[in-house]
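Please look over the model shown here.

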Amino acid sequence: MSYGFFSVIALSLVTVLSSCSGSGTTTTTTATNAYAAAYESSSLKYASTLTLSFPSSCSMTVSGTGVPYQHQVYYLTPVTNGGTVVATTPSGIQLGLSPYAGSGLSSVATVSGTFNICPTKASTTTAAGGGPIGLIFSGTVLFDPYEATNTVALSDNASYTFSSTACGGTTCTASFIDTCNQHTTGGSSGSTWHYHGVPPCWTAVADGSSTSASHIIGIALDGFPIYGGYDINGNAVSVSSLDACNGITSATPEFPNGAYHYVLPVGVTTARSSIDCYSGTVDATLSKVMEKLKCKMPFLLANGKVRLPDGREVSRKEADAWMRQTMPDMQMAGSMPMTDSQTAKTANASKPMAAMKGM
């Protein structure tokens with residue numbers, strides 16, 4: 001498609017911080033590109049933990065703490081070294097219980113990078129390649145559809161309910177991936193929180209309603225905007241209407257005349273839940289920055305083997321050797337014990353949960 005009409009749009013924009021916008025300073029620029037104008041618009045919603053600045057008319061620098069906008073009190077995280085298994089995912093990943101506070105889950109890697117905000121479609125698409133493929137303006141990165149085990153993340157979830165008053169009632173439910181389609185697979189300092197699909201907790205902020213037209217909720221590494229799963233009329237966008245990269249050219253609140261953008265469809269738990277390829281070009285420097293946030297954690301499986309990030313299943317001895325060679329600074333850490341009185345079923349869940357650094 002042609003983007004010639006973008007060049008005739010000249011808007012002098014000063015970013016005004018709304019009640020949901022970040023507290024960082026921004027730079028006034030003259031946007032001559034409709035994508036750039038949309039990212040600079042005062043109506044763009046972004047979290048207070050995120051700072052946006054515009055060093056040039058076609059670049060946007062993002063800096064954030066990486067702390068999730070919303071989170072559960074407890075999560076299920078991979079058991080790696082003798083921890084108590086309380087749940088197993090359909091693909092066999094063994095999970096233990098970890099509290100968000102005090103377990104290391106709340107200590108996350110910062111997120112920062114400079115994006116091209118005047119994107120154009122490339123002649124061919126590029127595979128996403130795993131790890132962060134974009135940033136949601138809640139301050140959390142978006143991963144492709146797959147877990148490090150090469151399984152589709154949203155179809156490989158598990159939950160565990162136990163007796164505790166910590167969650168505001170008589171029980172708590174912990175999940176591997178929470179209701180915002182996010183998680184972190186490690187429980188030590190440096191873990192990276194990430195989404196594997198549309199984040200309802202943030203689309204509610206950006207859109208004002210779960211069924212209204214979707215607004216921009218993030219930016220892909222190639223600069224094209226990311227949207228939730230509803231079209232400009234408030235109808236759910238079907239996967240069949242999207243291209244192979246989950247992209248579509250259609251009208252949105254920011255682009256009433258239509259523009260190319262990515263969509264995270266609602267209720268989808270297949271490989272189409274997130275972006276798996278880029279229609280534009282990813283800057284090599286930005287790609288290297290985001291590569292550091294890629295999940296590198298091996299997973300202990302129910303069959304006693306360990307699945308490495310490259311998909312190989314090996315013995316525990318081989319996995320230990322791989323860790324020493326590949327991640328020599330990896331440290332093991334135990335989680336906090338559970339609080340409150342526990343039922344007999346969950347008493348063992350207070351044993352230390354092992355977690356790995358380097359997520």
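What follows is a short tour by topic.

## Basis

This is a predicted model: local features need pLDDT of at least 70, side-chain atom pairs count only at pLDDT 80 or more, and totals for chains, interfaces and linings use all residues. Residues are numbered from 1 along each chain as its sequence is written, and side-chain values use heavy atoms, with hydrogens and water left out.

## Disulfides

A disulfide is a pair of cysteine sulfur atoms within 2.5 Å. The count comes to four. With the bonded cysteines of the protein chain numbered in sequence order, the pairing reads 1-2, 3-4, 5-6, 7-8.

One of the disulfides joins C58 to C118, at 1.9 Å from S to S. The link of C58 and C118 is left-handed, with -85° about the S-S bond. C58 sits in the loop between strand 3 (50-56) and strand 4 (59-64), and C118 in the loop between strand 8 (111-116) and strand 9 (126-127), so the pair ties together parts that are 60 residues apart in sequence. Strands here are DSSP runs of E with at least two residues, helices are runs of H or I with at least four, and both are numbered from the N terminus. C58 is partly exposed at 29% relative accessibility. C118 is buried at 15%. The classes are buried under 20% relative accessible area, exposed over 50%, and partly exposed in between, with a 1.4 Å probe and protein chains only.

C167 and C172 form another disulfide, with sulfur atoms 2.0 Å apart. This link of C167 and C172 is right-handed, at 115° about the S-S bond. C167 is partly exposed at 33%, and C172 is buried at 1%.

In the disulfide of C180 and C201, the sulfur atoms are 1.8 Å apart. The C180 and C201 link has -65° about the S-S bond and is left-handed. C180 lies in the loop between strand 13 (171-175) and strand 14 (182-183), while C201 is in helix 2 (residues 200-207), so the pair ties together parts that are 21 residues apart in sequence. Both C180 and C201 are buried.

## Aromatic pairs

Rings of Phe, Tyr and Trp (its six-membered ring) pair if their centres lie within 6.5 Å; planes under 30 degrees apart count as stacked, over 60 as edge-to-face and the rest as tilted. The model has 10 aromatic pairs. Y160 and F162 have ring centres 5.8 Å apart and planes at 25°, so the pair is stacked. Y160 is buried at 8%, and F162 is buried at 2%.

F224 and Y262 have ring centres 6.2 Å apart and planes at 85°, so this pair is edge-to-face. F224 lies in the loop between strand 16 (216-220) and strand 17 (225-227) and Y262 in strand 19, so the pair ties together parts that are 38 residues apart in sequence. F224 and Y262 are buried.

## Two buried loop positions

S274 is in the loop between strand 19 (259-263) and strand 20 (277-278). S274 is buried, with a relative accessible area of 0%. What does the side chain of S274 reach? The side chain of S274 reaches the backbone oxygen of F143 at 2.7 Å. Beyond residues up to four places away in sequence, S274 touches I133, L142, F143, D144, P145, H196, N246 and L264, where contact means heavy atoms within 4.5 Å.

T185 is in the loop between strand 14 and strand 15 (194-195). T185 is buried at 0%.

Definitions and conventions:
A polar contact is a pair of N or O atoms within 3.5 Å; within protein, one must be able to donate a hydrogen and the other to accept it, and residues adjacent in sequence count only if both atoms are side-chain atoms.
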